[in-house]
Amino acid sequence: EVRLSSPLLHDSDEPTLNSCGTPRSAKTMPDEFDELARSLRQGAGREWREEAAADEQLTELQRRRARTLADVAREAMHRGDRVTVEVAGLRLAHPVIAVGVDYLVLDDGDGVVDVALDRVTLGLERRSSGGASGKPAAATLRARLGELEQAGARVTVVTTGGERGEGLLEVVAADHLVVDGGGGKRTYIPLGVLALVFSRFPPLLDRSSQLFPRSPGPRGERG
């Protein structure tokens, strides 16, 4: 080692040189700067990832807040989920074949069931395969009831309170249905309490919406 002497430096202040003439303290400075820079980069990257994750969670939360029951039912239909419907002591578990603005249609094996979405409880069980896409030509439940009336369909109507009306769907009036049970018997059912309509008349579909094949999955049972 070589010691430098200067009238401006005391012995304790004199730098120590290595064999190449470089101060020993200068040799460690680049390593310290590299470590500091690496630490700053890692910290910035961690903060960026945390912010991105928080933004993603907020976006997903906002998406879920904006969804309607029809959106939930439509997504379940596309995935091929098992959907259950419960109302007035009934529990239905059947494939969904169409979803409108305020109703869905189940295929119960014997016919179809039109379900008023805002008057039932939906349950979903995720499935890993299957799926269908059905957009009914009748966008709303009221339009679907008109379709059944025009077809002269025989129906079984179930209300939110469990009352039933069975027979020919004769008229869709301003605020009620008229079901002709035959023999002079007619049942007048307020639209506001209508929950389920069983019939053998499947909905007319908008064929331009058929993006997925119909899943043949297992049929449920009417509870």
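User: How many bridges join strand E7 to strand E11, and in which sense do the two run?
Analyst: Strand E7 (residues 154-159) and strand E11 (residues 194-199) are joined by 4 bridges and run antiparallel. Two strands are taken as paired if DSSP finds at least two bridges between them. Helices (H or I, at least four residues) and strands (E, at least two) are DSSP runs, numbered from the N terminus. This is a predicted model, in which local features need pLDDT of at least 70 and side-chain atom pairs count only at pLDDT 80 or more, while totals for chains, interfaces and linings use all residues. Residues are numbered from 1 along each chain as its sequence is written, and side-chain values use heavy atoms, with hydrogens and water left out.

User: Is E11 buried or exposed?
Analyst: 6 of the 6 residues of E11 are buried, so this strand is largely enclosed by the rest of the structure. Buried means under 20% relative accessible area, exposed over 50%, and partly exposed in between (1.4 Å probe, protein chains only).

User: What is the strand order of the sheet, and which strands are at the edges?
Analyst: The sheet is open and has 8 strands in the order E3-E4-E5-E11-E7-E8-E9-E10, with antiparallel pairing. Its edge strands, E3 (96-99) and E10 (185-190), each pair on one side only. On average, neighbouring strands are turned by 35 degrees against each other, direction ignored.

User: Which strands does helix H3 lie across?
Analyst: Helix H3 (residues 141-151) lies across E4, E5 (112-116), E7, E8 (164-172), E9 (176-182) and E11, and runs at about 90 degrees to E8. Axes are lines fitted to C-alpha atoms, for helices over the stretch in contact, and angles run from 0 to 180 degrees between N-to-C directions. Contact here means heavy atoms within 4.5 Å.

User: And where does H2 lie?
Analyst: Helix H2 (residues 69-79) lies across E3 and E4 (103-107), at about 140 degrees to E3.

User: Which residues of H2 are buried, and what covers them?
Analyst: The buried residues of H2 are Ala 70, Ala 73, Ala 76 and Met 77. They span an arc of only 130 degrees around the axis, which puts them on the same side of H2. The arc is that of the directions from the helix axis to the C-beta atoms. The cover over these residues includes E1, E3, E4 and E6.

User: What follows H2?
Analyst: Gly 80 follows H2, and its phi is positive, near 85 degrees.

User: Changing topic: how many salt bridges does the structure hold?
Analyst: The structure holds 11 salt bridges. A salt bridge is a side-chain nitrogen of Lys or Arg within 4 Å of a carboxyl oxygen of Asp or Glu.

User: Which residues do salt bridges with shared partners join into one network?
Analyst: Asp 81 meets Arg 79 in a salt bridge at 2.7 Å, N to O. Asp 81 also forms a salt bridge with Arg 126, with the closest N and O atoms 3.7 Å apart. The latter pair links distant parts of the chain, 45 residues apart: Arg 126 is in the loop between E6 (121-125) and H3, and Asp 81 in the loop between H2 and E1 (82-87). Asp 81 is buried, at 6% relative accessible area, Arg 79 is partly exposed at 26%, and Arg 126 is exposed at 62%. Through shared partners, Arg 79, Asp 81 and Arg 126 form one network.

User: What is the salt-bridge partner of Arg 186?
Analyst: Asp 180 is its partner, at 4.0 Å, N to O. Arg 186 counts as partly exposed, with 40% relative accessibility.

User: Finally, how many helices and strands are in the chain, and what share of its residues is buried?
Analyst: The protein chain has 3 helices and 11 strands, and 33% of its 223 residues count as buried. Among contacts between residues at least 6 apart in sequence, 62% join residues at least 24 apart.
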